Amino acid sequence: MHTSPRAKKYQRIKNNLFVINLIFSLIILLAVILSGFSLWLKMRIGTITTNSIALKGIYISALSAIFYIAGFPLEFYEGFILEHRFKLSNQSLSSYVKDAIKKAAISLVIGLIAIEVVYLFLEKFTDVWWLLAALGWFFLTVILVKITPNVFIPLFYKYIPLKDEVLREKIKDIFAKTNTPLKDVYMIDFSSKTKKLNAAVAGFGKNRRVILTDTLLSELSHDEIVSIVAHELGHYKNRDTFKILVFSAIVTLVLFFLSDSVLRKSFLWFGYASIADISGFPLFALIMGILGLLSLPLQNGFIRRLETMADHYSLSLTKAPGIFISMMEKLSAKNLAEMNPSKFVEIMLYDHPPIAKRISMAQKFK
């Protein structure tokens, strides 16, 4: 099982860009903190409004705009130029720009809500803010998971009822076989933007739907698609969404608790009035970013374990390891995936097991 030279090059560039983006973000945050710009920005906004909520909102919006503009060249290279260079994208420049604006707007709105709430807890409940903030983060994440299929996905892709009745019935059969409610099977027009393949099971209860990309439908056989859907069904049967939400909440709780300790020992060094001073947000973001990076191997390892269990569920349900293997090989080829990355790269960057390990597991199952 070897990775093509083209895929190796693509993944090497993607990994390098991860490191470059990380270093760039740290440099920008340090520059904002050490230059006194954050204090100056808060002071300038303070001449416009004295309302605490408005001041924080304007500050976060202004800082977000600065960071977005500074980081856009790297984002544009990775999301548009690189994808076209490796012939993975069908997206026009105008379409990319529209999507970038939508993503930025969504991120800003969610970020404003989250940061306003966190700083409200910092200000009003200074001793236990980290506990309340972690609970708030958990509930926000649950809400986002619930509304994404109906609110966010339609902003970028069109839902189209699956016309292939034979495939629809095959998918409905495995849901019926496992006593799992299913609303319907949908297709989204992935090919309008990318050549990559994907599938998902989204929603809860009677609103649960299978989402297949048109690129997937054009490249894989019915049995291979059923194998992918069985994997996604495995996530539901194993209650993986709930497990990930709880695990993320625990990690977030620990990160907030540790950042509280660091903030209390450092905020005076930089001239901030208290840990609830919004001008100290870049310091807060820097601390959380470093702690988050340190926890990344643990988070990725946990999710990789769940993905392995979902693979095993798919194999147990379909009893077709040969189909699973061919599906994995096609996904790897079309998405330019690294079959067997280095252990360090796997630990730091992979939230799915490498393709070679997934194929090896299927061969042993066989």
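Predicted model: local features only at pLDDT ≥ 70, side-chain atom pairs only at ≥ 80, totals over all residues.
Visitor: Is Pro 149 buried or exposed?
Guide: Pro 149 is found in helix 5, residues 129-156, where helices are DSSP runs of H or I with at least four residues, numbered from the N terminus. Buried means under 20% relative accessible area and exposed over 50%, with partly exposed in between (1.4 Å probe, protein chains only). Because its relative accessibility is 4%, Pro 149 counts as buried.

Visitor: How far apart in space are Pro 149 and Ala 202?
Guide: Ala 202 is among the residues that Pro 149 touches, not counting residues up to four places away in sequence; contact means heavy atoms within 4.5 Å. The two are 53 residues apart in sequence, and C-alpha to C-alpha they are 6.2 Å apart.

Visitor: Is Phe 139 buried or exposed?
Guide: Phe 139 is also found in helix 5. Its relative accessibility is 52%, so Phe 139 counts as exposed.

Visitor: Which elements give two or more residues to the lining of the second largest pocket?
Guide: A pocket is an open set of points on a 1 Å grid over the protein atoms alone, with protein on both sides within 12 Å along at least five of seven lines; lining residues have an atom within 4 Å of a point. About 1700 Å³ of space lies in the second largest pocket, and of its 37 lining residues the closest to the centre include Phe 67 and Ile 115. The elements are helix 1 (5-34), helix 3 (52-85), helix 4 (93-124), helix 9 (240-266) and helix 10 (281-318).

Visitor: Which pLDDT do local features need?
Guide: Residues are numbered from 1 along each chain as its sequence is written, and side-chain values use heavy atoms, leaving out hydrogens and water. Side-chain atom pairs count only at pLDDT 80 or more, totals for chains, interfaces and linings use all residues, and local features need pLDDT of at least 70.

Definitions and conventions
1 Å grid on protein atoms, 1.4 Å probe; cavity = no way out; pocket = protein on both sides within 12 Å on 5 of 7 lines; lining within 4 Å. Points joined across faces, edges and corners; volume = space filled by probe spheres on them.
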